[in-house]
Amino acid sequence: METLIGLLVAAPLLGAAVLLCGGRRLDRTGHWIGTALAAASFLLGAVLFADMLGREAGDRTLSQHLFSWIPVGGFQADVAFRLDQLSMTFVLLITGVGTLIHVYSIGYMEHDERRRRFFGYLNLFLAAMLLLVLADNYLLLYAGWEGVGLASYLLIGFWQHKPSAATAAKKAFIVNRVGDIGLSIAIMIMFTTFGTFAFSPVLESVGETGEGTATAIGLMLLLAACGKSAQVPLQSWLGDAMEGPTPVSALIHAATMVTAGVYLIVRSGAIFDAAPTAQTAVVTVGAVTLLFGAIVGCAKDDIKKVLAGSTMSQIGYMVLAAGLGPIGYAFAIMHLVTHGFFKAGLFLGAGSVMHGMNDEVDMRRYGGLRKYMPITFATFGLGYLAIIGFPGLSGFFSKDKIIEAAFAKGGAEGWILGGAALLGAALTAFYMTRVMLMTFFGEERWRNAPTPSPKEPSVEPAAETGGEYEVPHPHESPKSMTVPMIVLAFGSVFAGGLFSWGEAFVHWLEPVVPFEHGHPPVSALTVTAATVVALLIGVGAAWLQYGRKPVPALAPRGSLLTRAARRDLLQDDFNHVVLVKPGEYLTRGLVYLDHKVVDGAVNGTAAAVGGLSGRSRRIQNGYARSYAVSMLGGAAVLVAATLLMRAV
Amino acid sequence: MSTTTELTLRAQEMIPAPDIEYGQLAPVLIVIGAAVVGVLIEAFVPRRARYTAQALLAGLALASAFAAVVGLAAAGRATTEAGLVAMGALAVDGPALFLQGVILLVSLVALLTFAERRLDPRAHGRHVDSFAAEGAAVPGGEGEKAAVRAGFTTTEVYPLLLFAVGGMLVFPAANDLLTLFIALEVFSLPLYVLCALARRKRLMSQEAALKYFLLGAFSSAFLLFGIALLYGYAGSVKYADIASVIADTNRGTTEALAGTTGNDVLLLIGGALLVMGLLFKVGAVPFHMWTPDVYQGAPTPVTGFMAAATKVAAFGALLRLLYVVLPGLTWDWRPVMWGVAIVSMLAGAVIAITQTDVKRLLAYSSIAHAGFILAGVIAATPSGISSVLFYLAAYSFVTLGAFAVVTLVRDAGGEATHLSKWAGLGRRSPLVAAVFAVFLLAFAGIPLTSGFAGKFAVFKAAAEGGAGALVVVGVIASAIAAFFYIRVIVLMFFSEPKVEGPSVAVPSPLTTTAIAVGVAVTLVLGVAPQYFLDLASQAGVFAR
């Protein structure tokens with residue numbers, strides 16, 4: 001069985017290699033190869049899962065040592081895999097959702113002439129993500145971590161002819177580098193402290209090293225998680241990442257890659273348990289991000305950007321839960337899985353809407369689409385109910401548990417965190433209802449040509465292209481797109497219930513992820529009731545604003561907060577002023593120094609050496625006699641020096 | 001006392017019949033034997049068939065000699081079974097076999113460039129190689145024209161090459177001073193002749209040969225004088241005897257020398273002159289003056305062979321001399337060698353900057369490299385020996401490959417060696433330029449090339465041997481040297497090609513193979529040097 005673990009990674013890696021090296025002759029079959037290998041990886045995962053269920057709970061961890069990667073003295077890095085309940089959960093999520101999105105992409109990317117390459121990148125992503133979750137040590141995890149970063153970069157910028165996509169890809173890559181530095185520093189600290197970076201020895205001995213070291217490692221890991229999972233303050237890339245094709249947004253920037261940070265924190269739970277300061281930082285980041293993302297989501301008109309804000313916010317919930325310690329770890333992962341289903345479904349639904357609407361993304365140009373796209377409406381609707389936490393659906397179970405755990409943190413901290421989580425739930429209900437109403441209900445605003453806004457001409461450049469407005473003909477998407485959406489909708493509806501049945505999910509993870517029951521200051525039922533009330537308030541507010549009144553086709557000016565939220569709460573302005581500008585000044589200063597001081601010294605030295613060279617080459621005059629004299633002189637010096645050495 | 005024993009005793013007083021281990025001498029014997037056969041071929045085989053016969057014979061001889069070296073090494077002669085052969089005249093041990101193997105492989109590759117006949121345009125319908133039609137004819141005279149018309153080629157180069165290789169095989173293995181001297185002459189004389197045989201620019205070639213001969217003879221005289229002084233000091237020319245006298249364990253018994261034996265002044269002067277003779281061959285400053293002129297004037301295949309193989313042989317002999325004969329004098333020779341190494345590295349690198357001819361540039365680069373290798377020699381530790389062995393193996397193939405590339409870039413006057421003509425070569429012939437760039441990067445010691453691994457090994461050995469300051473100078477010299485190597489790369493890839501620029505000749509598989517081997521060795525030794533470093537360190541023990 002162990003030998004199958006490597007194949008999990010190898011199958012999509014092979015697909016990536018074949019598709020990217022195969023050239024044009026694979027243009028017609030490439031997408032099938034890519035999909036087949038993703039499915040093969042999923043089947044392997046399923047076989048391993050069945051095998052794992054067949055064994056005792058304490059005996060379920062498999063490991064496979066492939067080879068010694070970097071054996072240098074005391075520095076031992078192995079390519080070794082570890083398949084336990086936590087990584088198994090991820091394997092199934094990644095390969096399962098990944099396969100569905102491969103299928104969806106066959107239809108979605110049908111008219112793209114670089115479809116083969118797209119599937120190659122998708123396979124590359126799967127391989128890297130599986131490597132990340134299967135690695136048995138932090139260094140190999142880092143390799144996967146960088147691999148998903150690369151795949152994400154390639155896929156965000158897939159439509160490289162669009163400058164905005166190229167810029168977004170670069171932005172994602174650069175912001176992620178900041179986080180990556182955190183991970184690499186964390187690994188370095190681990191190596192100097194423990195002499196190894198394999199999971200088991202590090203996590204087992206972290207308790208004995210003292211809180212300072214643990215805090216340092218924890219904060220660095222948190223920085224890494226912030227980068228990959230788009231948490232404040234490294235959140236700015238996720239919104240722009242929506243420039244990538246929608247299946248990419250669904251797979252990478254919603255369901256899987258962005259959750260890598262949560263995986264990292266939960267996997268390193270022992271480190272955070274030993275470092276309360278780092279844990280506080282984690283919950284703060286989580287709470288801030290969950291509100292930040294939700295507020296941004298409320299103000300955006302671009303359907304994908306709303307979903308991006310929502311992703312940020314939902315991952316904020318997970319990070320919050322992961323920061324709560326054993327009372328939250330399991331729920332973080334549970335929410336991660338249910339979120340994987342409904343967020344992927346929502347993105348695919350959004351893609352399906354765009355597919356039928358000439359790639360329009362502005363929700364103010366939608367309206368009343370439920371008649372034209374019944375399947376999309378139904379599946380999107382179920383995803384919507386799941387994400388807002390409608391009782392009985394997946395999101396309800398997982399989110400409610402997180403809110404409970406947040407209150408259970410205890411003290412003022414518990415109240416603040418719980419309050420933030422509740423407020424987030426209300427906001428989630430608000431912005432998702434807004435999406436639902438603006439897209440599928442109300443009047444059909446797409447029938448009339450858009451009137452360009454005099455104040456903000458650059459808001460929607462797509463509408464300005466071409467002289468004549470082409471009225472879209474909304475239609476349902478092909479089977480290859482709707483089937484994955486239906487499957488994901490099933491997950492959105494039932495996964496949460498299944499997981500919570502007798503706390504099945506918690507017990508499944510318990511051998512590797514420690515679990516404790518949290519005790520909120522008020523009864524669990526009260527918390528659940530409060531959650532439902534928050535949900536109803538959110539839905540109601542949205543209905544008042546977007547259901548009862550017609551939605552204006554042009555965005556109104558809005559309040560100060562709305563305008564700030566439309567600009568992603570000024571995240572880019574903040575980065576520009578605080579980071580980019582000083583960076584530019586620093587660079588200019590350095591360039592000046594380099595030109596005047598360094599180059600001066602360098603050029604001076606070079607000129608001096610050159611002059612010396614020009615003078616000394618004249619000794620070489622071409623006469624054998626003078627060469628002989630120089631030899632004689634040399635011999636004399638040699639003999640004299642040798643004798644002199646003895647004399648001294 | 002019976003008659004028999006008396007006879008035996010008398011027999012012992014006579015000169016004993018030498019006891020020769022032919023099996024262990026096989027590499028040398030094969031090469032020299034083939035060279036003699038080559039001479040016979042010149043005398044008896046019809047002119048038409050000589051090229052093929054000579055080239056095949058030489059190839060066969062070098063390959064089987066290499067096989068013999070491998071066989072000896074496999075039989076443990078490099079390690080546990082190492083010892084002296086031929087009455088103590090030669091050593092068969094790790095360094096000797098390693099260097100002989102390198103010399104043979106290098107010669108085999110050099111042979112390919114010798115045999116190349118596609119580069120020069122056909123003369124009177126016949127393929128011609130890089131060598132003069134008739135070496136003895138006056139340049140530009142009637143005799144030469146007649147020889148060219150008749151399609152003569154100097155196939156004597158092959159036996160000459162073999163003789164030179166034979167001498168070089170003995171040189172690092174020589175275990176007494178006379179054998180050392182004879183080996184030196186055996187490989188030097190053919191090289192002088194080979195240098196004079198360029199087909200193009202014959203006057204320059206003859207001038208180079210004459211200079212090389214005059215200066216070589218001059219340095220041989222020093223070497224011989226040094227040998228005489230050492231004999232006067234120790235009463236023997238055998239390495240082990242001299243070493244034991246230095247170590248004061250054994251005073252010579254020859255009465256005629258009783259007055260001089262053990263006189264340290266003789267030892268110091270003799271040792272210095274001996275070392276000087278070897279430094280001349282490796283081209284270290286201040287005995288380097290011949291290098292640029294000879295490298296430039298000699299036919300390029302000969303230059304490549306000479307630059308690679310001579311350096312290997314001469315450094316081998318120098319190592320043996322310093323480690324076997326003069327270990328007792330380490331504190332005397334080390335400071336002097338420090339000076340030579342520093343001056344070689346700096347002078348080679350600095351003067352190379354203003355060179356405008358590719359072959360002269362490579363000549364100065366070889367002077368700088370002689371300095372780097374000396375840094376490893378100075379370490380005076382086992383790791384010093386093995387690092388020098390590795391460096392020599394790496395460096396010789398880079399050099400050979402680089403000179404082979406030089407033979408490809410040609411214009412109407414033959415090889416276009418002026419650097420200005422190489423401008424923009426990368427645009428016109430990206431592959432050739434890229435290959436040359438690999439060799440230049442290896443010379444400069446950029447990681448992932450053999451040059452880096454070699455330089456790292458010698459500098460590490462030097463630093464461990466207490467020569468940290470030398471390493472600092474070495475790194476500075478490397479930085480200066482990197483400038484002119486990379487300048488050539490910039491010239492090739494980032495300048496506009498000249499309108500009337502040279503063309504790159506399409507070589508036969510011979511030169512292509514030679515260059516490919518050079519690139520392959522450069523990259524393999526650069527990417528995965530550990531196996532070869534281990535090999536060199538296993539081979540790093542001298543038999544005494």
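Two strands count as paired when DSSP finds at least two bridges between them.

Strand β3 of chain B, residues 409-411, is joined to β4(B) by two bridges, and the two run antiparallel. One of the residues to look for is B:R410, whose bridge partner in β4(B) is B:E415. Taken as a whole, the sheet is open and has three strands in the order β4-β3-β5 (chain B), with antiparallel pairing. Because β4 (414-415) and β5 (503-504) of chain B each have a single partner strand, they stand at the edges, and one side of each is left without a neighbour in the sheet.

**The nonpolar cores**

Which residues touch the most other members of the largest nonpolar core? They are B:F114, B:F171, B:L177, B:L279, B:F305, B:L374 and B:F436, in a core of 207 residues. Helix α12 of chain B (residues 300-325) supplies the largest share of this core, with 18 residues. Apart from this core lies another, of 193 residues, which includes A:I5, A:W145, A:V306 and A:A542.

Take a closer look at B:F305: leaving out residues up to four places away in sequence, its contacts include B:F114, B:L161, B:M168 and B:L400.

**Rings and charges**

Over all chains, the structure holds 39 aromatic pairs. One aromatic cluster is formed by B:Y192, B:Y212, B:F213, B:F280, B:W290, B:Y295 and B:F403.

| Arginine | Ring | Distance from ring centre |
|---|---|---|
| A:R114 | A:F158 | 4.6 Å |
| A:R625 | A:Y623 | 4.2 Å |

**A serine facing chain B**

Now find A:S613, which sits in helix α24 of chain A (residues 571-616). Is A:S613 buried or exposed? Its relative accessible area is 0%, so A:S613 is buried. Setting aside neighbours within four places in sequence, A:S613 is in contact with B:V350, B:I351, B:I353 and B:T354.

Chain A has a mean pLDDT of 89, and 97% of its residues reach 70 or more. Over residues 454-466 of chain A, however, pLDDT stays under 50, and the model has four contacts beyond four places in sequence for this stretch. Where pLDDT is low, predicted coordinates should not be read in detail.

Methods. Residues are numbered from 1 along each chain as its sequence is written. Chains are lettered from A and ligands numbered from 1 in the order in which they are written. This is a predicted model: local features need pLDDT of at least 70, side-chain atom pairs count only at pLDDT 80 or more; totals for chains, interfaces and linings use all residues. Side-chain values use heavy atoms; hydrogens and water are left out. Helices (H or I, at least four residues) and strands (E, at least two) are DSSP runs, numbered from the N terminus. Buried means under 20% relative accessible area, exposed over 50%, partly exposed in between (1.4 Å probe, protein chains only). Contact means heavy atoms within 4.5 Å. pLDDT is the predictor's confidence in each residue, from 0 to 100. A nonpolar core is a set of buried Ala, Val, Leu, Ile, Met, Phe, Trp, Tyr and Cys residues joined through side-chain atoms within 4.5 Å. Rings of Phe, Tyr and Trp (its six-membered ring) pair if their centres lie within 6.5 Å; planes under 30 degrees apart count as stacked, over 60 as edge-to-face and the rest as tilted. A charge sits over a ring if NZ of Lys or CZ of Arg is within 6 Å of the ring centre and within 35 degrees of the ring normal.
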